[in-house]
Amino acid sequence: MQFRSLVFTALVAAAASAVHVVSAFVPTASSRNRNAIPSTAGTTALNVADVASASSQRAPVVRNWEVEKLDRDDAIMDVASYRNNRTGPKGVIAKQLAKREAQDNTGAAVRGGVTGLALGAAYGYLTYTGNGDVQEALVNTAALGGIMATLLAGNSLSGRNVYVSTLDDATNRLKVDFVEGLMARQDVGFAARIDDADTAYGGRFSETNGVVGAIDCQLRNCEASENVKIYGALPPHIHIKNLAVDQKCRRMGIARELVQAVEEYAKTTDAELITLVVDDSNTQAVNLYKSEGYDIESIGNPTTAMPKYGQWTSGRSIMSKKLEK
């Protein structure tokens with residue numbers, strides 16, 4: 001009896017999870033790796049390994065952006081919207097509503113009903129195999145199947161199986177997924193912002209309020225740092241965590257300006273150098289940082305990388321630059 005009770009609980013939990021299907025945000029944020037926020041369509045993967053350098057052979061660039069420090073919550077949320085495939089909280093809700101409205105509720109209700117009946121049949125079968133009582137198995141099948149079929153079909157018919165966030169929920173989701181460190185002031189960031197966000201590039205950056213690129217960094221191995229973790233044997237340093245420029249605005253020098261903004265900020269701290277992690281295969285990023293005076297050292301060997309840097313990854317390197325104050 002105890003076994004059947006446990007099985008019943010598991011089946012109900014599975015059905016409950018099917019009742020509340022949450023519509024995902026534009027990019028998933030399953031990874032919490034601070035050095036690799038999920039890629040978004042139209043942007044470089046948010047990783048310093050994917051920065052495109054400005055080309056000296058291209059036509060002169062008309063400057064229509066300014067680089068600003070992210071010291072206000074609303075500006076930080078603009079970066080969150082940029083990283084969420086240029087979709088802000090209201091845009092997230094609009095997409096969820098569109099998904100709900102586009103759903104075939106009748107078809108979804110039929111599928112929900114079938115799922116409920118299947119759950120009932122499964123529980124009835126387990127009942128029969130447990131005690132051999134056909135009558136009890138049929139009763140359990142009808143009871144659970146009928147209840148779950150009604151719940152799932154009714155929920156789907158009303159469209160409630162497609163979750164639609166409140167504005168507060170959508171805002172918090174973006175905050176947690178994309179700018180948690182900036183909001184907590186553990187990280188410091190800078191953004192490149194263009195004018196006429198509603199019209200420039202066909203309104204591509206309207207929901208980001210003009211943000212076309214961003215960078216964030218963190219003071220480490222220092223008493224003044226908000227991060228108490230110690231990274232290898234490095235002296236106090238600024239570590240560049242995430243950098244991206246939208247594909248429509250690359251090769252204009254924006255990435256370089258964002259890096260230089262971090263360097264100027266670093267000079268106001270106790271940091272002695274700047275570090276970042278780069279993929280060895282990304283020659284454009286390597287060349288950009290080398291042109292800015294960064295040295296490179298592989299972290300592919302744990303024996304040598306862990307004591308010095310406190311991390312190691314095959315196929316990646318640490319690039320660093322000593323600060324001259």
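## Cysteines, chain totals and a helix pair

Cys217 counts as buried, since its relative accessibility is 0%; buried denotes under 20% relative accessible area, exposed over 50%, and partly exposed the range in between (1.4 Å probe, protein chains only). Cys249 is likewise buried, at 1% relative accessible area. The structure holds zero disulfides, a disulfide being a pair of cysteine sulfur atoms within 2.5 Å.

The model is predicted: local features need pLDDT of at least 70 and side-chain atom pairs pLDDT 80 or more, whereas totals for chains, interfaces and linings use all residues. Residues are numbered from 1 along each chain as its sequence is written, and side-chain values use heavy atoms, leaving out hydrogens and water.

| Property of the chain | Value |
|---|---|
| Buried residues | 48% of 325 residues |
| Contacts (separation of 6 or more) between residues 24 or more positions apart | 75% |
| Accessible surface | about 16,000 Å² |
| Carbon and sulfur part of the accessible surface | 53% |

Contact means heavy atoms within 4.5 Å, and accessible areas come from the Shrake-Rupley method with a 1.4 Å probe.

The chain contains 10 helices and seven strands, taken as DSSP runs (helices H or I, at least four residues; strands E, at least two) and numbered from the N terminus. Helix α2 (residues 73-83) packs against helix α6 (residues 167-178) at about 80 degrees, with axes 9 Å apart. The two helices α2 and α6 are therefore roughly perpendicular, a term covering 65 to 115 degrees. Met77, Ala80, Ser81 and Arg83 of α2 meet Thr171, Leu174, Lys175 and Phe178 of α6.

How values were computed
Axes are lines fitted to C-alpha atoms, for helices over the stretch in contact, and angles run from 0 to 180 degrees between N-to-C directions. Angles under 35 degrees count as roughly parallel, over 145 as roughly antiparallel, 65 to 115 as roughly perpendicular and the rest as oblique.
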